[in-house]
Amino acid sequence: MGIFQLKNEQRLVLETKETAYVIDIHKHGHLQHVYWGEKLPETADYEALQSIVFSPSSFEATRGVMGYDYIPWGEMVYTEPTLKASSASGERGFKWEYAGLDIAAEDSGKQQVVIKLQDSLGRYQVDVTYDVFRQDDIIARSQTITNIKGEALYIEAARSMQVSLPPASWYNLSHLAGKWVGEFQLIQEEIREGRKTIDSRRGNTSHHANPWFAIDQGAGEDSGDVWFGHLAYSGNWDLHVEKDAHGFIHVCGGINDFDFMKVLQPGESFPTPVFYLGYTSKGFTGMSHQAHRFQRKHIMPEPHREAERKVLYNSWEATYFDVSEENQKALADEAATIGCERFVVDDGWFGKRNSDQSSLGDWEVNQDKFPNGLDPLISYVKEKGMDFGIWLEPEMVNKDSRLFQEHPEWVYHFATKDQTTARNQLVLQFGREDVRTYVKNMLDKLLGSSDISFIKWDMNRSLSEVGRIGAGVGEQKQLWHEHVEGLYDVFDYIKNAYPHVLVETCSGGGGRIDLGVLQRTDQFWTSDNTDARDRLSIQRGCSYAYHQKTMMCWVTDSPNWLNQRTVPLKYRFHSAMMGGLGIGGNLHEWTKEEKEEAAHWITFYKHIRPVIQEGLAYRLTATHPKKETEIMQYVREDGSRSVVFLLENGLSFGPHPVQVKVKGLDENARYYSSDGTTATGAFWMNHGLIWPLNEEYQCEIIELSKVED
Ligand code: DGJ
């Protein structure tokens, strides 16, 4: 039935294909979260849902403890607020009242519902917004705050969503933690009394935490209730998960209120970023599939959404800053010979950049390294049948640069405190229009005059001393958010002006990966950690939240630069073939046999690429307590083809066979396995493959193909 109201329009039901989300709207604008779970069969079921309200003592809200769907600060509710605001003259805690509901017609697969709250004097309005993606079982939450006719409104906190789950004996939280070269480590813990906050205060999404969560009640990979959410935002964000004294779980998140302020003058509005929420009873695999399908359909930008991600070569680990026309042409020869489809020149091609000490901001081609500009190299690369791509870091400037000499006022800084340089660089105020105009002009010059079809956009430090001399405190607290808006503005500019250019987001690896940046870029550099074994847990963790088509993985040299681990080439390839494949090693140092082997794996990757990049991922060993193997499976949505990656990952106590039951096949169809057996889907899913696990770094890829009658 979609979206409907019950109980004299007090109850709002948002139905998707398989789920339902129910809110009670109380007279004084209190929004109560009543239900979030499986769609119910009858309207009477929704009528019968109990809105739990509990009033145990005078120490709790007189309107009762309940599951909240929106919490305006300023009354006896002590969980994190969804909105905290005051007026210029000091009026706080407005009296919000319900001011109606708008239900829009369905458009492009989504239907919007807006619950309007107004302060009792009609000066300020909040639009609590729910975009219902019915076919995808996703509800997108946000709010827009408008100053209709009041004095300036000082917004101190404005989260994108608040949801609650009813008291139950047991809930778990899953989230992703990490660091540079150690992103996306899955953390699963019981939600205990108190508040758990995960966040970023660094100005970028961060390597340390990711704006994604899942809450479950003992779910496994294949079954069990999971509630999950992804925030589409690339700056300071927070997520609070609280178990209150009565057992309710309250979850709220959005822009971090740390050092945040938004001042709204009359006539101005402030829309928050969007939090995408979903529920499934099909466990963590069901959750990932639901989120990944949604990303493929609604997040990944056109026009590259459907295009296969090309096998790229990247120069970074081969030549570092020492790039030149000559050495890049020599690498391009090698890259083309082994089958690469895109050639990317990384850092070092501009200004007088021979190390990380200088030249960020001076985006002119280095004439010593490229005497005739980039075009001779670009033509050479194109003649070899590859696309050409280039590395940029436009938000940054080195003190040793012409740009900094000319515009020292463009960087974030406080009046008397020294600026912190990290990797010898400072951050440009991307909220400033003149800064963005400079960057857009640079992009026009580069992309408008040369045949460049790929940008790797890097960001190698977080923000600090986020201030602007001459601006008021309130104005300066807006700079964090303005940076993100400025970044999105430039990404949107690239997408509009140069739609053929594919953009890879990078922040020293995985420091800026979220649905906000992925609405404007096409793929991400997952981690600077290119060790094939460490990558297994990074990539598996990443798979909980993000689609493998956007996750870039490179094969680099061995021993690895990070940990000196020596890993066979086959294992390095298999580890990197579980996403978008890239090659990042110094091919001049690879033997003839290694290059032949690389060519073999690249050809094979192109053959299985449609299954990996367009298929559904199954983490077959995610729940194994003893992780001695990493087994991932990819299946085309129509069940016609599947690929199983089997990698040793900590064998101990000698060789032994491992049973691998696969998933996602048509049980009645027959499948031919690349190791020579033909059997039904039921056979492969119940008996499976028997893999003789014998030695360190053993790995196999098994293909299962449906036999057409
Ligand atoms: C960090 C990136 O993650 C690397 O791949 C490389 O592009 C360097 N920056 C270049 O400075």
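Q: Which residue does the side chain of Lys549 reach in a polar contact of 2.9 Å?
A: This is a predicted model in which local features need pLDDT of at least 70, side-chain atom pairs count only at pLDDT 80 or more, and totals for chains, interfaces and linings use all residues. Residues are numbered from 1 along each chain as its sequence is written, and side-chain values use heavy atoms, with hydrogens and water left out. A polar contact pairs N or O atoms within 3.5 Å; within protein, one must be able to donate a hydrogen and the other to accept it, and residues adjacent in sequence count only if both atoms are side-chain atoms. At 2.9 Å, the partner of the Lys549 side chain is the side chain of Glu614.

Q: Is Lys549 buried or exposed?
A: The scale is relative accessible area: under 20% is buried, over 50% exposed and in between partly exposed (1.4 Å probe, protein chains only). Contacts, meaning heavy atoms within 4.5 Å, link Lys549 to residues including Arg296, Met300, Arg305 and Gln613. The relative accessibility of Lys549 is 0%, so Lys549 counts as buried.

Q: How many of the 12 residues of α11 are buried?
A: The buried residues of this helix include Arg535, Leu536, Ile538 and Gln539. Cys542, Tyr544 and Ala545 are also among them. The helix is largely enclosed by the rest of the structure, because the buried residues of α11 number 10.

Q: Which element gives the largest share of the lining of the largest cavity?
A: On a 1 Å grid over the protein atoms alone, a cavity is a set of points where a 1.4 Å probe fits but cannot get out, and lining residues have an atom within 4 Å of a point. Leu536, Gln539, Arg540 and Ser543 are among the residues lining the largest cavity. An α-helix has 3.6 residues a turn, so residues three or four places apart point the same way. β35 (629-635) also supplies at least two lining residues, but the largest share, four residues, comes from α11.

Q: How much space lies in the largest cavity?
A: A volume is the space filled by probe spheres set on the grid points, which are joined across faces, edges and corners. The structure holds nine cavities of 30 Å³ or more. The largest has a lining with at least three residues from each of domain 2 (302-612) and domain 3 (618-706), and its space is about 70 Å³.

Q: Between which domains does the largest pocket lie?
A: A pocket is an open set of points with protein on both sides within 12 Å along at least five of seven lines. The largest pocket, of about 510 Å³, has 25 lining residues, with His289, Gln290, Arg293, Leu616 and Glu637 nearest its centre. α2 (283-299) gives the largest share of that lining, nine residues. Because both give residues to the lining, the pocket lies between domain 1 (3-299) and domain 2 (302-612).

Q: What is the volume of the second largest pocket?
A: The lining of this pocket takes at least three residues from each of domain 1 and domain 2. The volume of the second largest pocket is about 410 Å³.

Q: How far apart are the centres of domain 2 and domain 3?
A: Domain bounds come from an automatic or database domain assignment. Across the pair, 22 residues of domain 2 are in contact with 23 residues of domain 3. Taken over C-alpha atoms, the separation of their centres is 34 Å.

Q: What relative accessible area does Val660 have?
A: Val660 lies in strand β37 (residues 656-660). Among its contacts beyond four places in sequence are Leu620, Ile631, Trp684 and Trp691. Val660 is buried, because its relative accessible area is 2%.

Q: Which residue does a cis peptide bond join to Ser558?
A: Omega of this bond is near 0°.

Q: What is the phi of Phe653?
A: Phe653 is found in the loop between β36 (641-648) and β37. With a relative accessible area of 81%, Phe653 is exposed. Although Phe653 is not a glycine, its phi is positive, at about 65°.
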